[in-house]
Structures are given as C-alpha cells and as structure tokens.
Amino acid sequence: MGVLGKDLFDIDRPRTRVKVHFRALGYWVEDDPAVIPYGAALTELLNLPAATTAPKPGSILRTYLSAGENAAPILERYTWFLEDLFGDAVPERKRGQRKKPLAELIYSRGLDALVSGVSLGKAPEIAPPQVNVQYVILEREDKTHELVEKMYFDHLADFIYLEFMKGLQKSFVPKRCVNCGRWFLQKPGLTYSYCKQVAPGETELTCRDIISRASFRDKVKKQRGLANPPAGL
C-alpha cells in the first residue's frame, strides 16, 4: 500500500533506520511527541567523549551507537569545522554590535565549499547524505494541520549532517563553552560564550552564572573607582 509512490508501512526496515519528522524549529524521532531543537543530537555527540555515561535514554544516538556505528570520524570532522568557524569570532554580542549570520560567517572563513557533503571536507570524498524523504500532513496539538518532511536515516553521519545543516539555516549551532570546554546549543538570537551547565568545582552555579557575577563585580569596582578617584586628581 502506498501514496504517491511512497510506502506507508516499513515493517522490514533495518534496525539502524530511524524515522524523523522535521518541523520549522525542531524535529521529533519515531513516535515520540517531544520536539527536539536542531543541533541537540550533535551537541550531545560532541560531549560524549568527556562524558561518563552512554547517550541519554530516548536519544537518537543510542540507536546508532548500540548498532556499532563509528562516531569517531563524525566527532573529528564536526569538532574541526566548528572550532574553525568560531576560532576568533566575537564570542558575545555587545550592545549595538551586529551579530554576523552563520552563513556569512561560514563564507568569510572559506568554509562554504565544505558544507556540501557529510564529510565536511575532511575525507577525500564529498558525499551527499543518503536519505529517503516523504511529505506528510500531521495534526498539531491545537488540532490544526501542518505539512512536514519525514525522512529515514540508515547511518548516523547522514542524520547528523541533516540536523546540523537545518540548524544552521535556523541559527541553531553547537558552541564550546569558554569556561568548561563542554559543548552547548546556541539558539537563534543569542550569542553566549558560556554554558548553563554546572561549572567545574561548583554544586549549583553554572558557567554563565560565574561569568555574570564576575562581570558584575568588575562593573561595581569600576564605578567605585570613578566615585572615589585617587587623591590629587
């Protein structure tokens, strides 16, 4: 049984084949209704080498990694690409400062030719992702309907590539925290350099809390210095 040449049922699909529905600002996996922001899986993958646990329950990564997919080349290529992308970029936008769009930043750094395939230019071949795509009408929570993309992925590299590129289109991108070195997901309109994870050596304060407090203390010291100038001035 099929519609417009596409199968409605996929009983015999490989165990590494994962069905993903893509929406405007996120996606959901299989029949799990939780919407995941673009770039979340890549961010989780980038943090796995330093983590002490396996991918979190329900993560799309668990399906691939438990099946023996090799994540090492993916980690190498995307870490290299992102570090080259944000190498000496302005980490946080100051008041009145223009934030450079991700596409413009990629182009200005000469990385635009590398976004055309899953290897990101670190392998001899630049291969397009292998996916099966279908468009379906789904009902939203408010009972309205939406046309979405449904894709099937057989390999982790193909999924990560699509998730990453769709994220770049919407200004979702993984960034490395300046304080702790862990990766966090930068969402549209934001330009943080520090993550919201608990900072090393702390029990509650996040990296972002620490830098905010430090900035506040520096501001207070500066104001006090202006209010009480040294004698003779």
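**View 1. Residues of helices α1 and α5 meet in this predicted model.** Ala40, Ala41, Leu42 and Leu45 of α1 are in contact with Leu156, Phe159, Ile160, Glu163 and Phe164 of α5. Sorted by class, the contact holds 8 nonpolar residues, no polar ones and 1 charged residue.

**View 2. Helix α1 packs against helix α5.** Helix α1 spans residues 40-47. Helix α5 covers residues 156-170. Their axes lie 8 Å apart, at an angle of about 120°.

**View 3. The largest nonpolar core contains 42 residues.** Leu45, Ile60, Tyr78, Phe159, Ile160 and Phe164 have the most contacts inside this core. Helix α5 gives the most to the core, with 8 residues. Another core, of 6 residues, lies apart from the largest one. Phe184, Tyr194, Cys195 and Cys207 are among its members. In soluble globular proteins, nonpolar side chains tend to be buried together.

**View 4. Tyr78 and its contacts.** Tyr78 belongs to the largest nonpolar core. Neighbours within four places in sequence are left aside here. Tyr78 then touches Leu42, Leu46, Val118, Leu120, Ile160, Tyr161 and Phe164. Of these partners, Leu42 is also one of the α1 residues that meet α5. Ile160 and Phe164 are on the α5 side of that contact.

**View 5. Lys175 in strand β8.** Strand β8 runs over residues 173-176. The relative accessible area of Lys175 is 12%. Lys175 counts as buried because this value is under 20%. Its side chain makes a polar contact of 3.3 Å with the side chain of Gln186.

Key:
Residues are numbered from 1 along each chain as its sequence is written. This is a predicted model: local features need pLDDT of at least 70, side-chain atom pairs count only at pLDDT 80 or more; totals for chains, interfaces and linings use all residues. Side-chain values use heavy atoms; hydrogens and water are left out. Helices (H or I, at least four residues) and strands (E, at least two) are DSSP runs, numbered from the N terminus. Buried means under 20% relative accessible area, exposed over 50%, partly exposed in between (1.4 Å probe, protein chains only). A polar contact is a pair of N or O atoms within 3.5 Å; within protein, one must be able to donate a hydrogen and the other to accept it, and residues adjacent in sequence count only if both atoms are side-chain atoms. A nonpolar core is a set of buried Ala, Val, Leu, Ile, Met, Phe, Trp, Tyr and Cys residues joined through side-chain atoms within 4.5 Å. Contact means heavy atoms within 4.5 Å. Axes are lines fitted to C-alpha atoms, for helices over the stretch in contact, and angles run from 0 to 180 degrees between N-to-C directions. Ala, Val, Leu, Ile, Met, Phe, Trp, Tyr, Cys and Pro count as nonpolar, Asp, Glu, Lys and Arg as charged, and the others, Gly among them, as polar.
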